[in-house]
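Load the model and start from the overall fold. Then move to the ring contacts.

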Amino acid sequence: MNYYTIIPAHNESAFIAQTIDSLAAQSVLPKKAVVVDDNSTDNTAQITNEYNTRLPWLILLDNASDAIHLPGSKVIRAFQKGLDTLDTDYDFIVKLD
């Protein structure tokens with residue numbers, strides 16, 4: 001079973017480590033997990049990069065979205081950016097938000 005995980009993230013430094021730890025503790029690991037950092041001003045990217053050195057299936061993408069807040073649109077655009085990086089060799093996709 002192949003699955004991918006996409007994690008849209010904006011200023012999630014308080015929770016991104018727990019999210020990645022939980023994902024890494026699963027009995028079936030994702031083929032790839034993509035954290036899409038959406039203009040975070042905290043340490044979200046740095047924390048993710050620390051995990052990236054030991055979890056080869058984890059990648060970080062930067063997303064420069066508009067500062068304009070439209071309900072749901074930033075998350076959808078960040079998810080789409082992550083989805084655009086994936087191939088089609090998967091059984092399902094998990095979105096963690």
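The model is predicted. Read from the N terminus, the order is β-α-β-α-β-α-β. The radius of gyration is 13 Å, close to the 13 Å that the globule rule gives for 97 residues, so the chain is as compact as a globular protein of that length. Its C-alpha atoms fill a box of roughly 40 × 25 × 20 Å along the principal axes.

Next, the contacts and the surface. Take contacts between residues at least 6 apart in sequence: 75% of them join residues at least 24 apart. Buried residues account for 37% of the 97. The chain exposes about 5700 Å², and carbon and sulfur atoms supply 53% of that area. There are 7 positive and 13 negative charges, and their mean positions lie 3 Å apart.

Now the rings. How many aromatic pairs does a search of the whole structure find? The search finds two. Tyr-3 and Phe-92 are stacked, at 5.4 Å centre to centre with 5 degrees between the planes. Tyr-3 sits in strand β1 (residues 3-9) and Phe-92 in strand β4 (residues 92-95), so this pair ties together parts 89 residues apart in sequence. Tyr-3 is buried at 8% relative accessibility, while Phe-92 is partly exposed at 34%.

Tyr-4 and Tyr-90 form a tilted pair, because their planes meet at 55 degrees; the ring centres are 5.5 Å apart. Tyr-4 lies in strand β1 and Tyr-90 in the loop between α3 (73-84) and β4, so the pair ties together parts 86 residues apart in sequence. Tyr-4 is buried, with a relative accessible area of 1%. Tyr-90 is partly exposed at 32%.

Conventions: Residues are numbered from 1 along each chain as its sequence is written. This is a predicted model: local features need pLDDT of at least 70, side-chain atom pairs count only at pLDDT 80 or more; totals for chains, interfaces and linings use all residues. Side-chain values use heavy atoms; hydrogens and water are left out. Helices (H or I, at least four residues) and strands (E, at least two) are DSSP runs, numbered from the N terminus. The radius of gyration is taken over C-alpha atoms; the globule rule is 2.2 Å times the number of residues to the power 0.38. Buried means under 20% relative accessible area, exposed over 50%, partly exposed in between (1.4 Å probe, protein chains only). Contact means heavy atoms within 4.5 Å. Accessible areas come from the Shrake-Rupley method with a 1.4 Å probe; for residues, only the protein chains shown count as cover. Lys and Arg count as positive and Asp and Glu as negative; His and the chain ends are not counted. The place of a charge is taken as NZ of Lys, CZ of Arg, CG of Asp or CD of Glu. Rings of Phe, Tyr and Trp (its six-membered ring) pair if their centres lie within 6.5 Å; planes under 30 degrees apart count as stacked, over 60 as edge-to-face and the rest as tilted.
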